[in-house]
Amino acid sequence: MIANITFFGIMAPVFTIFNQDFSVNTERIPDYAHYLLDAGINAILVAGSTGEGTSLSLQERKNLTEAWAEAVKKTSQSLMIQVGGGPFPDVVELARHADSLGVDAILTLPELYFKPKKTQELISYLKFVSAAAPNTPLFYYHYPTQSGVNIDMGEFLEQANGQIPNLKGIKYTSSDLAGGHAALRAANGKYTIIIGGEAVIEPALALGFTSAMAGAINMFPRYVREMFDTIQHNKLEIAAELQRNLTEITNIVSQYGAKIAGLKLAMNLFTPINVGLARPPLQNPSPYKIEEIKKRLEPFL
Ligand SMILES: *[C@@H]1O[C@H](CO)[C@@H](O)[C@H](O)[C@H]1NC(C)=O
Ligand SMILES: *[C@@H]1O[C@H](CO)[C@@H](O)[C@H](O)[C@H]1NC(C)=O
């Protein structure tokens with residue numbers, strides 16, 4: 001039986017913690033889960049873009065999934081695992097593994113080399129992933145600027161309806177809000193569309209999105225929480241200011257290397273959880289710039 005789970009509200013895509021030699025550290029995961037819980041975050045995505053999922057080996061991803069599955073037993077947070085972006089047999093294996101651990105949902109990128117060009121090709125791929133995790137709600141990860149796959153998500157939901165038994169929604173990481181709105185209408189309450197990324201959370205919420213996920217939520221959760229509140233209470237000027245600030249934060253962390261590396265630095269500077277550096281090929285900010293980045297981000301705390 002597939003749980004009728006829908007994700008609402010604020011989700012944190014978690015960083016993968018690396019040791020100094022860039023091996024994966026799973027020991028700090030219980031503290032990380034508790035830190036997020038204290039920050040009001042009840043849903044977590046592992047091995048997404050923020051989690052550098054595509055930079056991890058199959059065994060590392062399994063270890064990470066097991067450690068988070070164990071940690072959320074104590075915190076009761078919802079757990080979504082990103083299984084895609086690897087060779088097809090690995091994706092199937094990760095889906096099966098996540099299913100066997102009873103996680104709340106899996107999320108998958110499309111095939112990144114033999115990219116689907118037609119909606120039905122994407123549906124066929126997702127059917128295989130779905131069959132490997134028959135007891136777990138499945139979400140599709142739409143992130144065209146990274147994956148290079150830009151299938152129309154409204155059309156996708158219309159065609160997928162009934163074809164993928166456990167499809168529950170989409171993580172929609174794109175600033176194309178017309179396309180997002182079309183997906184929302186096609187979802188018609190049956191699927192959850194999660195807005196991904198920092199750039200357009202406020203307009204997405206105003207359009208009717210009910211769920212948001214972005215790396216900056218890890219260390220600046222209040223911006224997104226207050227966006228939900230202010231939009232609900234029609235305080236649109238404040239909502240717009242919150243979005244401006246969140247966008248400015250993202251611009252700052254992106255100026256010194258890879259955005260994810262900048263976010264990891266911000267996490268290390270402003271929270272009790274040390275997530276280490278980003279793994280190559282991502283570029284980390286130069287140590288000489290750390291003070292400058294800190295000074296520029298501090299006004300937003
Ligand atoms: C996975 O976890 C096992 C058990 O803790 C450990 O021995 C192994 O080194 C880990 N593998 C990787 C690739 O991190
Ligand atoms: C936006 O950031 C500025 C600092 O640059 C701060 O003074 C202001 O209070 C922030 N606005 C909100 C709504 O958090």
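Analyst: Happy to. A polar contact here is a pair of N or O atoms within 3.5 Å. Please keep in mind that this is a predicted model.

Let's start with ligand 2. Its surroundings are made up of R222, Y223, E241, L242, N245, P299 and F300. By type, four residues of this shell are nonpolar, one is polar and two are charged. Two helices, α9 (221-232) and α10 (236-253), each supply at least two residues of the shell, and α10 gives the most, with three residues.

Which side chains make polar contacts with ligand 2? The side chain of N245 has an N or O atom 2.3 Å from an oxygen atom of ligand 2. For E241, a side-chain N or O atom lies 2.6 Å from a nitrogen atom of the ligand. R222 places a polar side-chain atom 2.9 Å from an oxygen atom of ligand 2. As for cover, ligand 2 on its own has 360 Å² of accessible area, and the protein covers 60% of it.

The residues around ligand 1 are Q59, E60 and N63. In the side chain of N63, an N or O atom sits 2.3 Å from an oxygen atom of ligand 1. Here the protein covers 31% of the 360 Å² of accessible area that ligand 1 has on its own.

Now to helix α1, which spans residues 29-38. Its buried residues are I29, Y32, A33, Y35 and L36. These residues lie on the same side of α1 because they cover an arc of only 160° around the axis. The face turned away from that buried side carries the exposed residues D31 and D38. Covering the buried residues of α1 are, among others, β1 (9-13), β2 (43-46), α2 (58-75) and α11 (259-270). Just after the helix, G40 takes a positive phi of about 85°.

Strand β4 (residues 105-108) is another part to look at, and T108 lies in it. T108 has a relative accessible area of 0%, so it is buried. Leaving aside residues up to four places away in sequence, T108 touches Q82, V83, G84, V91, Y125, L126, V129, L138, F139, Y140 and Y141. A105 also has its place in β4, and A105 counts as buried because its relative accessibility is 0%. Between A105 and A187 there are 18 Å in space, C-alpha to C-alpha, and the two are 82 residues apart in sequence.

Finally, some backbone details in the loops. A47, in the loop between β2 and α2, has a positive phi of about 65° although it is not a glycine. N188 likewise is not a glycine and has a positive phi, of about 50°; N188 lies in the loop between α7 (177-187) and β7 (192-196). Are these two residues buried or exposed? A47 counts as buried because its relative accessibility is 3%, whereas N188, at 66%, counts as exposed. One more loop is worth a glance: P281 has its place between α11 and α12 (290-297), and the peptide bond from P280 to P281 is cis, with omega near 15°.

Definitions and conventions:
Residues numbered from 1 in each chain as written. Chains lettered and ligands numbered in written order. Predicted model: local features only at pLDDT ≥ 70, side-chain atom pairs only at ≥ 80, totals over all residues. Heavy atoms only, no water. Near = heavy atom within 4 Å. Polar contact = N/O pair within 3.5 Å; in protein donor to acceptor, adjacent residues only side chain to side chain. Areas by Shrake-Rupley, 256 points an atom, 1.4 Å probe, with all protein chains shown as cover. Helix = DSSP H or I, 4+ residues; strand = E, 2+ residues; numbered from the N terminus. Nonpolar A, V, L, I, M, F, W, Y, C, P; charged D, E, K, R; others polar. Buried < 20%, exposed > 50% of the residue type's maximum accessible area, 1.4 Å probe, protein only. Arc of directions from axis to C-beta. Contact = heavy atoms within 4.5 Å.
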